[in-house]
Amino acid sequence: MAWSADSRDEDLMLGYCAGDAAAFDLLYQRHRGGLYRYLLRQCRQGAVAEELFQDVWMNLIRARDAYTPSAKFATYLYRLAHNRLIDHYRKHTRGATLSYDDETGPQIDEAAAPRAAQPDAVYDLKQQAGALLRLIEDLPEPQREAFLLQQEAGLSVEEIAAATGVTRETAKSRLRYALAKLRQGMGEG
Amino acid sequence: MSERDRKSMGTDDPADAGLSRLYREGAREVPPPHVDTVIRAAARREVGARPHRAGTFAVRWRLPLALAAVLVLSVSLVTLIMDEGGEELLAPPAPKAEAPTAGESPARAPAEMKSGGTVGSDDRRNDRAQPSAAQPEAAVRPFPAAPAASAPPRPEAALRERAREPAFDKPEAPLAQRAPAAMADKLAAEESRAAAGALRREAVADEARPRSSSPALSPAVARQVQALEGEVPEKWLERIAQLRREGGLNEADELLGEFKRRFPGHPLPPDVGK
């Protein structure tokens, strides 16, 4: 079957399940960057991100027979990535793991002081982008994850909730907090 | 995040277009190429290993072809066995005539049972070991008796007995050296067949050979020939030598001529050949 840029992710995955490696190539090309950045921002180490990234795709490949297009493919993929991250955190007993159990997260006032908020600074776009990435790093992990899932995977609040295993309201709350902190950090809040 | 993804997001979802644009500007990391290579290779390898992918002609016809090959081999094997006299092996077993003798090794019976020996094969072995006079000849001989076999005792009879001997007089091989029962039966059948074939050939040669005395013989020599009918060559030679010693040279010469017709190529002693 000839796949095109208009082909849906779900159809591509089904095509791969049926044995079409070209479908996988297209699917991988679409999501490789977003998934890698999601993992990189979450674990903050390039080598670890590569390992996790590879594991997630391998899990997808191995579990392809169990795939059913009941939800958006990106939701399924990032659910795998979320679970892999949780395993990674548990294995390395990071203190940040606990923040996954904190549904609301800290109040906006408790956020780290915005590094890029000097009043006399003039930033060009790249500098502002760098500042934003640093602010994202400082976000609590659940909020950072919600923001990254929205930006990298294009998931809605419903889909973020499905991917991370929380209620819609929790996901929405996390996302709202994250955006508020980032706006504040960038001097817009 | 693609345009379609953005459209799929809920309208009431919290979002900030400025932050999104700024984020996309800064976040451009991609996985290293070697990771891409590993993952794509794994994906292709997994797909290549899937059984349902291999829908080629050979795979689709593997089972039918294998069954056909097995069928052809089986038919060929059965035909070959039948051609070589294996009908004995395939024939239903004859009723057991007698129990195994006490002289048989006790370890033999279980070994034969293990090797798939049937009652019939046991019987065949017993027959070979102890040919009983009470048993009919057909039970001893695997093939119908040749016409010449019922003739009165002749030198051929001795040959026939010798031909049959190897099947009966072979000493029992040690148990470890003994072939499985089926193989032993096969060998015995081949030996019997060889002996029967030799008998048949002898019978044909015997029919072609002049049996009665030459009509040109004198009455006295004809009587001698009749008296020596069925005797071994040595008897004939003794009688010829005796005639020579007694002075019946003409009779001895006639009898010698008849002897040479009946036993061409048989070596002659010096006193008879003169």
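Predicted model: local features only at pLDDT ≥ 70, side-chain atom pairs only at ≥ 80, totals over all residues.
Chain B averages a pLDDT of 67, and 44% of its residues score at least 70. Among the elements of this chain, helix H3 (residues 33-48) of chain B has the highest mean pLDDT, at 92, whereas helix H8 (residues 119-129) of chain B has the lowest, at 40. Over residues 1-7 of chain B the pLDDT is below 50, although in the model this stretch still has 13 contacts beyond near neighbours in sequence. Residues 99-153 of chain B also stay under 50, and for them the model has 58 contacts beyond four places in sequence. For the model as a whole, the scores are ipTM 0.83 and pTM 0.48.

Chain B contains 15 helices and 0 strands, and of its 274 residues 28% count as buried. Of the contacts in chain B with a separation of 6 or more, 68% are accounted for by residues 24 or more positions apart. The accessible surface of chain B comes to about 17,300 Å², and 62% of that area belongs to carbon and sulfur atoms.

The largest nonpolar core has 65 residues, of which A:Phe24, A:Leu35, A:Tyr38, A:Leu39, A:Phe53 and A:Trp57 touch the most other members. Helix H2 of chain A supplies the largest share of this core, with 10 residues. Both domain 1 (1-98) and domain 2 (113-189) of chain A give residues to this core, so it lies between them. A second, separate core of 15 residues includes B:Val221, B:Val225, B:Trp236 and B:Leu243. Returning to chain A, the surroundings of A:Trp57 can be followed residue by residue: not counting residues up to four places away in sequence, A:Trp57 touches A:Phe24, A:Leu27, A:Tyr28, A:His31, A:Arg32, A:Leu35, A:Leu77 and B:Ile39.

The side chains of A:Arg30 and A:Asp9 meet in a salt bridge, with a distance of 2.6 Å from N to O. A:Arg30 lies in helix H2 of chain A and A:Asp9 in helix H1 (residues 9-17) of chain A, so the pair ties together parts that are 21 residues apart in sequence. Another salt bridge joins the side chains of A:Arg8 and A:Asp11, at 3.4 Å from N to O; here A:Arg8 is partly exposed at 44% relative accessibility, and A:Asp11 is partly exposed at 32%. In the loop between helix H2 (21-43) and helix H3 (46-62) of chain A lies A:Arg44, whose phi is near 65°, a positive value in a residue other than glycine. A:Arg44 counts as partly exposed, at 42% relative accessibility.

A:Arg183 forms a salt bridge with B:Asp16, the closest N and O atoms being 2.4 Å apart. Because A:Arg183 lies in helix H8 of chain A and B:Asp16 in the loop between helix H1 (3-8) and helix H2 (17-26) of chain B, the pair joins two chains. A:Arg183 is partly exposed, with a relative accessible area of 25%, while B:Asp16 counts as buried at 12%.

Helix H8 (residues 168-185) of chain A also holds A:Lys172. Leaving aside its neighbours within four places in sequence, A:Lys172 is in contact with A:Val157, B:Asp12 and B:Pro14. With a relative accessible area of 15%, A:Lys172 counts as buried, because this value falls under the 20% cut-off. A network of salt bridges links A:Glu158, A:Arg168, A:Glu169 and B:Asp13. Over all chains, the count of salt bridges comes to 21.

How values were computed
Residues numbered from 1 in each chain as written. Chains lettered and ligands numbered in written order. Heavy atoms only, no water. Helix = DSSP H or I, 4+ residues; strand = E, 2+ residues; numbered from the N terminus. Buried < 20%, exposed > 50% of the residue type's maximum accessible area, 1.4 Å probe, protein only. Contact = heavy atoms within 4.5 Å. pLDDT = per-residue confidence, 0-100. Core = buried A, V, L, I, M, F, W, Y, C linked by side-chain atoms within 4.5 Å. Domains from an automatic or database assignment. Salt bridge = Lys/Arg side-chain N within 4 Å of Asp/Glu carboxyl O. Areas by Shrake-Rupley, 256 points an atom, 1.4 Å probe, with all protein chains shown as cover.
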